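Good morning. I will take a few minutes to walk through one chain, starting with the overall numbers and then going element by element.

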Amino acid sequence: MAPPSAISPERAGNHQNGDQFPSARAPHEPGISESKAKVQMPKFPQPPTFADKYAEREYLKGRLAAAFRIFGKYGYDEGVAGHITLRDPVRPDTFWVNPFGVAFSLIKKSDLIQVDHDGNVIDGGEVRLLNSAAFMIHGAIHRNRPDVLCAAHSHSIYGRSFCSLGRNLDMITQDSCSFYDDLALYESFNGIVLAEKEGNDIAACLGNKKAALLQNHGLLTVGGTIEAAVFWFISLEKCCQAQLLADAAAGGRGHETVKIHDDDAAFTYKTIGSPMAGYFSAKPQFDIIERECGSDYLQ
(Lines give C-alpha, C1' and ligand atoms only; values in the text may rest on other atoms or scores of the structure.)
Protein backbone atom coordinates (compact mmCIF):
# COMPACT_ATOMS: atom_id res chain seq x y z
CA MET A 1 0.00 0.00 0.00
CA ALA A 2 1.51 3.30 -1.06
CA PRO A 3 1.60 6.02 1.63
CA PRO A 4 -0.20 9.33 1.14
CA SER A 5 2.19 11.45 -0.89
CA ALA A 6 3.29 15.00 -0.32
CA ILE A 7 3.68 15.37 -4.07
CA SER A 8 0.33 13.71 -4.84
CA PRO A 9 -1.76 15.09 -1.97
CA GLU A 10 -5.28 14.18 -0.97
CA ARG A 11 -7.78 16.41 -2.64
CA ALA A 12 -9.62 18.99 -0.64
CA GLY A 13 -11.10 22.35 -1.63
CA ASN A 14 -12.89 23.38 -4.80
CA HIS A 15 -11.28 23.99 -8.20
CA GLN A 16 -12.85 25.63 -11.20
CA ASN A 17 -12.71 22.55 -13.45
CA GLY A 18 -14.59 20.44 -10.92
CA ASP A 19 -11.53 18.73 -9.52
CA GLN A 20 -10.49 19.37 -5.95
CA PHE A 21 -7.05 20.30 -4.72
CA PRO A 22 -5.71 21.17 -1.28
CA SER A 23 -5.00 24.73 -0.27
CA ALA A 24 -1.30 25.31 0.40
CA ARG A 25 -2.07 28.45 2.33
CA ALA A 26 -2.00 28.66 6.09
CA PRO A 27 -1.35 31.43 8.63
CA HIS A 28 2.03 30.54 10.11
CA GLU A 29 2.83 33.89 11.73
CA PRO A 30 2.19 34.30 15.48
CA GLY A 31 -0.57 36.74 16.33
CA ILE A 32 -2.50 36.28 13.07
CA SER A 33 -5.77 34.41 13.49
CA GLU A 34 -7.31 32.27 10.77
CA SER A 35 -10.11 34.78 10.25
CA LYS A 36 -7.68 37.67 9.93
CA ALA A 37 -5.52 35.74 7.51
CA LYS A 38 -8.67 35.05 5.43
CA VAL A 39 -7.58 31.57 4.45
CA GLN A 40 -8.57 28.10 5.51
CA MET A 41 -6.13 25.78 7.25
CA PRO A 42 -5.26 22.92 4.89
CA LYS A 43 -6.50 19.41 5.39
CA PHE A 44 -3.32 17.37 5.61
CA PRO A 45 -3.13 13.76 4.40
CA GLN A 46 -3.65 11.33 7.27
CA PRO A 47 -1.64 8.19 8.05
CA PRO A 48 -3.12 5.13 6.34
CA THR A 49 -5.36 2.85 8.37
CA PHE A 50 -5.49 -0.93 8.21
CA ALA A 51 -8.10 -3.54 9.05
CA ASP A 52 -5.40 -6.22 8.89
CA LYS A 53 -2.74 -5.80 11.60
CA TYR A 54 -0.30 -7.99 9.70
CA ALA A 55 -0.58 -5.74 6.66
CA GLU A 56 -0.06 -2.75 8.93
CA ARG A 57 3.08 -4.38 10.34
CA GLU A 58 4.58 -4.85 6.88
CA TYR A 59 3.78 -1.28 5.88
CA LEU A 60 5.26 0.17 9.06
CA LYS A 61 8.40 -1.94 8.82
CA GLY A 62 8.93 -0.48 5.36
CA ARG A 63 8.55 3.04 6.76
CA LEU A 64 11.01 2.20 9.55
CA ALA A 65 13.56 1.00 7.01
CA ALA A 66 13.07 4.27 5.12
CA ALA A 67 13.60 6.18 8.38
CA PHE A 68 17.02 4.56 8.78
CA ARG A 69 17.92 5.50 5.20
CA ILE A 70 16.98 9.11 6.05
CA PHE A 71 19.18 9.04 9.16
CA GLY A 72 22.02 7.64 7.09
CA LYS A 73 21.54 10.33 4.45
CA TYR A 74 21.72 13.07 7.09
CA GLY A 75 24.83 11.60 8.70
CA TYR A 76 23.22 10.73 12.02
CA ASP A 77 25.20 7.50 12.27
CA GLU A 78 28.25 7.28 14.53
CA GLY A 79 29.80 3.85 14.14
CA VAL A 80 27.25 1.40 15.54
CA ALA A 81 25.48 3.94 17.79
CA GLY A 82 21.87 5.01 17.29
CA HIS A 83 18.52 3.30 17.05
CA ILE A 84 14.93 3.82 15.96
CA THR A 85 12.19 1.55 17.26
CA LEU A 86 8.66 0.70 16.12
CA ARG A 87 5.95 -0.71 18.37
CA ASP A 88 4.61 -3.85 16.69
CA PRO A 89 0.91 -3.47 15.80
CA VAL A 90 0.32 -7.24 16.05
CA ARG A 91 2.09 -7.70 19.37
CA PRO A 92 2.21 -4.24 21.01
CA ASP A 93 4.33 -5.57 23.86
CA THR A 94 7.21 -5.99 21.37
CA PHE A 95 9.08 -3.61 19.09
CA TRP A 96 11.19 -3.67 15.92
CA VAL A 97 14.68 -2.16 15.87
CA ASN A 98 17.79 -2.06 13.72
CA PRO A 99 20.24 -4.94 14.19
CA PHE A 100 23.43 -3.91 15.98
CA GLY A 101 26.26 -3.18 13.54
CA VAL A 102 24.27 -2.79 10.31
CA ALA A 103 24.74 0.62 8.65
CA PHE A 104 21.71 2.91 8.60
CA SER A 105 22.17 3.51 4.87
CA LEU A 106 21.98 -0.21 4.08
CA ILE A 107 19.06 -1.28 6.27
CA LYS A 108 16.20 -3.11 4.58
CA LYS A 109 12.83 -4.11 5.94
CA SER A 110 13.98 -7.72 6.13
CA ASP A 111 16.96 -6.74 8.33
CA LEU A 112 14.85 -5.44 11.22
CA ILE A 113 14.65 -7.51 14.39
CA GLN A 114 11.71 -7.93 16.75
CA VAL A 115 12.37 -7.69 20.48
CA ASP A 116 10.14 -8.47 23.45
CA HIS A 117 10.18 -6.46 26.65
CA ASP A 118 12.50 -8.97 28.29
CA GLY A 119 15.15 -8.18 25.67
CA ASN A 120 14.76 -11.39 23.68
CA VAL A 121 15.08 -11.26 19.88
CA ILE A 122 12.05 -13.25 18.73
CA ASP A 123 12.00 -12.60 14.98
CA GLY A 124 13.76 -10.72 12.22
CA GLY A 125 16.68 -10.76 9.82
CA GLU A 126 19.88 -12.74 9.68
CA VAL A 127 21.82 -10.41 11.99
CA ARG A 128 20.13 -10.75 15.38
CA LEU A 129 22.47 -8.69 17.50
CA LEU A 130 20.61 -6.35 19.85
CA ASN A 131 22.15 -3.10 21.06
CA SER A 132 21.70 -3.28 24.85
CA ALA A 133 21.41 0.50 25.15
CA ALA A 134 18.65 0.49 22.54
CA PHE A 135 16.71 -2.04 24.58
CA MET A 136 17.19 -0.22 27.89
CA ILE A 137 16.12 3.17 26.56
CA HIS A 138 13.43 2.21 24.07
CA GLY A 139 12.02 -0.68 26.07
CA ALA A 140 11.34 1.69 28.96
CA ILE A 141 9.77 4.29 26.67
CA HIS A 142 7.46 1.81 24.96
CA ARG A 143 6.40 0.39 28.34
CA ASN A 144 5.67 3.80 29.84
CA ARG A 145 4.22 5.56 26.78
CA PRO A 146 1.47 3.50 25.09
CA ASP A 147 0.84 6.47 22.79
CA VAL A 148 4.34 6.19 21.31
CA LEU A 149 4.60 4.18 18.10
CA CYS A 150 8.18 5.18 17.32
CA ALA A 151 11.20 6.42 19.24
CA ALA A 152 14.46 7.69 17.73
CA HIS A 153 17.87 8.29 19.27
CA SER A 154 21.24 8.91 17.70
CA HIS A 155 24.50 10.76 18.33
CA SER A 156 24.06 13.53 15.77
CA ILE A 157 26.83 16.12 15.83
CA TYR A 158 24.90 19.30 16.71
CA GLY A 159 22.54 17.53 19.09
CA ARG A 160 25.31 16.00 21.15
CA SER A 161 27.26 19.26 21.06
CA PHE A 162 24.30 21.20 22.41
CA CYS A 163 23.61 18.49 25.00
CA SER A 164 27.04 19.13 26.48
CA LEU A 165 25.80 22.53 27.68
CA GLY A 166 23.33 21.08 30.19
CA ARG A 167 20.56 23.51 29.23
CA ASN A 168 17.29 23.51 27.37
CA LEU A 169 16.58 25.03 23.97
CA ASP A 170 15.77 28.73 23.73
CA MET A 171 12.80 29.88 21.67
CA ILE A 172 14.80 31.93 19.16
CA THR A 173 13.34 30.73 15.84
CA GLN A 174 9.95 29.76 14.51
CA ASP A 175 11.14 26.17 14.19
CA SER A 176 12.23 25.98 17.81
CA CYS A 177 8.64 26.76 18.79
CA SER A 178 7.75 23.20 17.72
CA PHE A 179 9.34 22.19 21.03
CA TYR A 180 7.82 24.89 23.22
CA ASP A 181 7.08 23.29 26.61
CA ASP A 182 7.48 19.92 24.89
CA LEU A 183 11.20 19.22 25.34
CA ALA A 184 12.67 17.53 28.41
CA LEU A 185 16.22 17.93 29.71
CA TYR A 186 17.78 14.80 31.20
CA GLU A 187 20.46 16.20 33.49
CA SER A 188 22.54 13.10 34.07
CA PHE A 189 25.15 10.98 32.34
CA ASN A 190 26.24 7.64 33.73
CA GLY A 191 28.00 6.20 30.69
CA ILE A 192 26.47 3.89 28.09
CA VAL A 193 22.91 3.00 29.10
CA LEU A 194 23.31 -0.64 30.09
CA ALA A 195 21.21 -0.60 33.27
CA GLU A 196 17.44 -0.85 33.50
CA LYS A 197 17.31 1.99 36.03
CA GLU A 198 18.96 4.43 33.61
CA GLY A 199 16.47 3.57 30.88
CA ASN A 200 13.57 4.02 33.30
CA ASP A 201 15.00 7.35 34.48
CA ILE A 202 15.21 8.61 30.90
CA ALA A 203 11.62 7.51 30.22
CA ALA A 204 10.45 9.21 33.43
CA CYS A 205 12.25 12.43 32.48
CA LEU A 206 10.70 12.36 29.00
CA GLY A 207 7.25 12.15 30.61
CA ASN A 208 4.55 13.05 28.12
CA LYS A 209 6.81 15.21 25.96
CA LYS A 210 7.87 14.44 22.40
CA ALA A 211 11.61 14.97 22.79
CA ALA A 212 14.45 15.06 25.28
CA LEU A 213 17.98 16.41 25.42
CA LEU A 214 20.15 13.74 27.03
CA GLN A 215 23.03 15.55 28.76
CA ASN A 216 26.48 14.67 27.34
CA HIS A 217 24.74 12.15 25.09
CA GLY A 218 22.37 13.25 22.33
CA LEU A 219 18.78 13.71 21.18
CA LEU A 220 15.73 11.53 21.76
CA THR A 221 12.39 11.99 19.98
CA VAL A 222 9.13 10.06 19.98
CA GLY A 223 5.92 10.13 17.99
CA GLY A 224 2.59 8.50 17.37
CA THR A 225 3.85 7.93 13.83
CA ILE A 226 7.26 7.00 12.46
CA GLU A 227 7.21 10.15 10.36
CA ALA A 228 6.63 12.45 13.34
CA ALA A 229 9.44 10.89 15.41
CA VAL A 230 11.81 11.23 12.45
CA PHE A 231 10.87 14.83 11.68
CA TRP A 232 11.12 15.92 15.30
CA PHE A 233 14.65 14.50 15.37
CA ILE A 234 15.67 16.28 12.16
CA SER A 235 14.13 19.55 13.32
CA LEU A 236 15.59 19.36 16.83
CA GLU A 237 19.05 18.69 15.40
CA LYS A 238 18.75 21.80 13.22
CA CYS A 239 17.41 23.85 16.12
CA CYS A 240 20.46 22.85 18.16
CA GLN A 241 22.69 23.89 15.26
CA ALA A 242 20.88 27.21 14.90
CA GLN A 243 21.22 28.01 18.60
CA LEU A 244 24.90 27.08 18.71
CA LEU A 245 25.52 29.44 15.79
CA ALA A 246 23.30 32.22 17.13
CA ASP A 247 24.73 32.06 20.65
CA ALA A 248 28.27 32.19 19.28
CA ALA A 249 27.48 35.14 17.00
CA ALA A 250 25.65 37.07 19.72
CA GLY A 251 28.25 36.29 22.38
CA GLY A 252 31.06 37.42 20.11
CA ARG A 253 29.48 40.87 20.03
CA GLY A 254 28.65 40.97 23.72
CA HIS A 255 24.95 40.46 23.08
CA GLU A 256 22.29 37.82 23.64
CA THR A 257 19.88 36.31 21.17
CA VAL A 258 16.36 37.74 20.96
CA LYS A 259 13.88 35.33 22.56
CA ILE A 260 10.36 34.75 21.28
CA HIS A 261 7.68 35.74 23.79
CA ASP A 262 5.95 32.84 25.54
CA ASP A 263 2.53 33.75 24.12
CA ASP A 264 3.88 33.86 20.57
CA ALA A 265 5.82 30.62 21.04
CA ALA A 266 2.71 28.88 22.38
CA PHE A 267 0.64 30.18 19.47
CA THR A 268 3.21 28.97 16.94
CA TYR A 269 3.47 25.59 18.65
CA LYS A 270 -0.22 24.96 17.98
CA THR A 271 0.45 25.18 14.24
CA ILE A 272 3.83 23.50 13.80
CA GLY A 273 4.23 21.40 16.95
CA SER A 274 1.22 19.11 16.66
CA PRO A 275 1.50 15.37 15.91
CA MET A 276 -0.01 15.83 12.45
CA ALA A 277 2.34 18.71 11.68
CA GLY A 278 5.22 16.39 12.50
CA TYR A 279 3.78 13.60 10.38
CA PHE A 280 3.21 15.81 7.36
CA SER A 281 6.51 17.68 7.66
CA ALA A 282 8.47 14.44 7.28
CA LYS A 283 6.81 13.45 4.03
CA PRO A 284 9.28 15.24 1.72
CA GLN A 285 12.17 13.30 3.26
CA PHE A 286 10.35 10.00 2.83
CA ASP A 287 9.41 10.88 -0.76
CA ILE A 288 13.06 11.66 -1.57
CA ILE A 289 14.29 8.38 -0.07
CA GLU A 290 11.69 6.46 -2.05
CA ARG A 291 12.84 8.20 -5.24
CA GLU A 292 16.56 7.73 -4.51
CA CYS A 293 16.48 4.17 -3.18
CA GLY A 294 13.67 2.72 -5.21
CA SER A 295 12.33 -0.46 -3.64
CA ASP A 296 15.68 -1.58 -2.20
CA TYR A 297 14.86 -0.67 1.39
CA LEU A 298 11.54 -2.54 1.13
CA GLN A 299 13.22 -5.87 0.46
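This is a predicted model: local features need pLDDT of at least 70, side-chain atom pairs count only at pLDDT 80 or more; totals for chains, interfaces and linings use all residues.

Let me start with the contacts in this chain: among those with a separation of 6 or more, 67% are between residues 24 or more positions apart. The chain has 299 residues, and 47% of them count as buried. In terms of elements, there are nine helices and eight strands.

The eight strands form an open sheet with mixed pairing, and the order is 4-3-2-1-5-8-7-6. Which strands stand at the edges? They are strand 4, residues 121-124, and strand 6, residues 183-186; each has a single partner strand, so one side of each has no neighbour in the sheet. From one strand to the next, the twist averages 20 degrees.

I will go through some of the pairings. Strand 2, residues 94-97, and strand 3, residues 113-116, pair in the antiparallel sense over four bridges. In that pairing, Phe95 stands opposite Val115 of strand 3.

Next, strand 5, residues 150-154. Strand 1, residues 83-87, runs antiparallel to strand 5, and four bridges join the two. Here Leu86 has Cys150 of strand 5 as its bridge partner. Strand 8, residues 218-223, is also antiparallel to strand 5, this time with five bridges.

Is strand 5 buried or exposed? Five of its five residues are buried, so strand 5 is largely enclosed by the rest of the structure. Looking at the directions, Cys150, Ala152 and Ser154 point one way, while Ala151 and His153 point the other way, and all are buried.

One is His83, in strand 1. His83 has a relative accessible area of 3%; the cut-off for buried is under 20%, so His83 is buried. Between His83 and Ala152 there are 69 residues of separation in sequence, but their C-alpha atoms are 6.0 Å apart in space. What does His83 touch, leaving aside neighbours within four places in sequence? Its contacts include Ala151, Ala152 and His153, and also Phe68, Val97, Phe104, Ile137 and His138.

The other is Val222, in strand 8. Val222 also counts as buried, at 3% relative accessibility. Not counting residues up to four places away in sequence, Val222 touches, among others, Val148, Cys150, Ala151, Ile141, Leu206 and Trp232.

Helix 6, residues 226-252, lies across strand 1, strand 5, strand 6, strand 7 and strand 8, and runs at about 150 degrees to strand 8.

Then helix packing. Two packed helices are described by the angle between their axes and the distance between the axes. Helix 3, residues 132-144, packs with helix 5, residues 196-206, at an angle of about 50 degrees, and their axes are 8 Å apart. Helix 3 and helix 5 are therefore oblique to each other. Their crossing is right-handed. On the helix 3 side, the contact is made by Met136, Ile137, Ala140, Ile141, Arg143 and Asn144; on the helix 5 side, by Glu196, Gly199, Asn200, Ile202, Ala203 and Leu206. By class, this contact of helix 3 with helix 5 has seven nonpolar, three polar and two charged residues.

The last pair is helix 2, residues 53-73, with helix 9, residues 283-293. These two pack at an angle of about 90 degrees, with axes 10 Å apart. Helix 2 is therefore roughly perpendicular to helix 9. Helix 2 contributes Arg63, Ala66, Ala67, Arg69, Ile70 and Lys73, and helix 9 contributes Lys283, Gln285, Phe286, Ile288, Ile289, Glu292 and Cys293. The residues of this contact of helix 2 with helix 9 divide into seven nonpolar, one polar and five charged.

That is the end of the walk through the chain. Thank you.

How values were computed. Residues are numbered from 1 along each chain as its sequence is written. Side-chain values use heavy atoms; hydrogens and water are left out. Axes are lines fitted to C-alpha atoms, for helices over the stretch in contact, and angles run from 0 to 180 degrees between N-to-C directions. Angles under 35 degrees count as roughly parallel, over 145 as roughly antiparallel, 65 to 115 as roughly perpendicular and the rest as oblique. A crossing is left-handed if the near helix is turned anticlockwise from the far one by less than a right angle, and right-handed if clockwise. Contact means heavy atoms within 4.5 Å. Ala, Val, Leu, Ile, Met, Phe, Trp, Tyr, Cys and Pro count as nonpolar, Asp, Glu, Lys and Arg as charged, and the others, Gly among them, as polar. Buried means under 20% relative accessible area, exposed over 50%, partly exposed in between (1.4 Å probe, protein chains only). Two strands pair if DSSP finds at least two bridges between them.
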